[in-house]
Amino acid sequence: MQSGLYVVGTPIGNLSDMSPRAIEVLQNADLIAAEDTRVFSKLAKHFDIKTKVVSCHEHNEREVVDSLVEKIKNGKAIATVSDAGMPGISDPGFRLVRAARGENVPVFMVPGPTAVISALVLSGFPTDRFTFCGFFDEKKVRDDNKIRHTIIYYESPNRIMDTIRVLANVMPERKIAIVREITKIHEETKIGYPADLINIEPPRGEIVIVIEPAPDKKMSDDEIAEIVNDIVAKSTKNAASELAQRTGISKKEAYKKLVNKK
């Protein structure tokens, strides 16, 4: 193999999605940098990969990248894998690729499945423009709502129901898709407005949330009035800003409606 860094995508659930090229690269590389060596050992055993493996995860990536890049500069072929999917997408790998680019060593892509794109396609929401925001963060969701095209989040099963309730408050007019266990036996996609999904059976497994673009048309006066009542009743701080975010009207117009309500 040519010396360089090989970024290798691995299955996100179904082992049949492992590509022949990915197997070949992992079998013939001089070294594999894996997010979790124990997780990778199962994949290695299944595909008869006997290459030496070292750990490269979020807690040690800063410390090991220099030595890995140095090995590549000395003629080694090194492959990097995450526990599942594409390294660097909410997984270790970004710093290693950046360091390799910084030293002008070759970087090769061995593509594979990624939950972000798979969930986006499964949702049926527009794919021409989308923003992946990583794991859902309640502190940032109001700013995220300013993104008017498709939004994608990762989420954990123990937080998903709270997240749906937050979305029902912040993005009530945008449909969401709860996509779980992609490529696995229990793969499932539920689509609806957040308020419609608040009482579903709590999803389990690996979860991706896809949010449709914000509607082009503004809400009716009656719809805005309902949200005004909700905001005033809760004595929400920065009420005009919240009303503007939730309805798509200007802050000036929102302020007038709140003043008239009072």
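Biologist: Two strands pair if DSSP finds at least two bridges between them. On that basis, which residue is the bridge partner of Ile176 in β10?

Modeller: Ile176 has Ile211 as its bridge partner in β10. Helices (H or I, at least four residues) and strands (E, at least two) are DSSP runs, numbered from the N terminus. This is a predicted model, in which local features need pLDDT of at least 70 and side-chain atom pairs count only at pLDDT 80 or more, while totals for chains, interfaces and linings use all residues. Residues are numbered from 1 along each chain as its sequence is written, and side-chain values use heavy atoms, with hydrogens and water left out.

Biologist: Which strands are joined to β8 by bridges?

Modeller: There are two to describe. Strand β9 (residues 188-192) runs antiparallel to β8 and is joined to it by 5 bridges. Strand β10 (residues 207-211) is likewise antiparallel to β8, again with 5 bridges. On the β9 side, Arg180 has Glu188 as its bridge partner.

Biologist: Is β8 mostly covered or mostly open?

Modeller: Strand β8, residues 176-180, is mostly covered, with 5 of its 5 residues buried. Buried means under 20% relative accessible area, exposed over 50%, and partly exposed in between (1.4 Å probe, protein chains only).

Biologist: And which residues sit on each of its faces?

Modeller: In a regular strand the side chains alternate between the two faces of the sheet. In β8, one side carries Ile176, Ile178 and Arg180, the other carries Ala177 and Val179, and all of these are buried.

Biologist: What touches Ser123, leaving aside its neighbours in sequence?

Modeller: Ser123 belongs to helix α5 (residues 115-123). Beyond four places in sequence, Ser123 is in contact (heavy atoms within 4.5 Å) with Ala177, Ile191 and Val210. Its relative accessible area is 5%, so Ser123 is buried.

Biologist: Where is Pro203, and what does it touch?

Modeller: Pro203 lies in the loop between α8 (194-197) and β10. Not counting residues up to four places away, Pro203 touches Pro157, Ile160, Met161, Ile178 and Arg180. The C-alpha atoms of Pro203 and Arg180 are 7.3 Å apart, although 23 residues separate them along the chain. Pro203 counts as buried because its relative accessibility is 7%.

Biologist: Changing topic, what is the strand order in the open sheet?

Modeller: The open sheet has 5 strands in the order β3-β2-β4-β1-β5, with parallel pairing. The edges are β3 (53-55) and β5 (107-110), each with a single partner strand, so one side of each has no neighbour in the sheet. From one strand to the next, the twist averages 25°. Here axes are lines fitted to C-alpha atoms, for helices over the stretch in contact, and angles run from 0 to 180 degrees between N-to-C directions.

Biologist: How many bridges join β1 to β5?

Modeller: Strand β1 (residues 4-8) runs parallel to β5, and 4 bridges join them. Val7 stands opposite Met109 in β5. Helix α4 (residues 94-102) packs on this sheet, where it touches β1, β4 and β5, and its direction makes about 150° with that of β1.

Biologist: Which strands does α2 lie across?

Modeller: Helix α2 (residues 37-46) lies across β2 (31-34), β3 and β4 (77-81), at about 155° to β3.

Biologist: What is the volume of the largest pocket?

Modeller: Its volume is about 560 Å³. Of the 23 residues lining this pocket, Ala84, Asp91, Ala115, Tyr154 and Glu206 are the closest to its centre. The elements giving two or more residues to the lining are β7 (150-155) and β10. As for the term, on a 1 Å grid over the protein atoms alone, a pocket is an open set of points where a 1.4 Å probe fits, with protein on both sides within 12 Å along at least five of seven lines, and lining residues have an atom within 4 Å of a point. Grid points are joined across faces, edges and corners, and the volume is the space filled by probe spheres set on the points.

Biologist: How many disulfides are there?

Modeller: The count is 0 disulfides, a disulfide being a pair of cysteine sulfur atoms within 2.5 Å. Cys56 counts as buried at 3% relative accessibility, whereas Cys133, at 26%, counts as partly exposed.

Biologist: And how many helices and strands does the protein have?

Modeller: The protein has 11 helices and 10 strands. Of its 262 residues, 46% count as buried.
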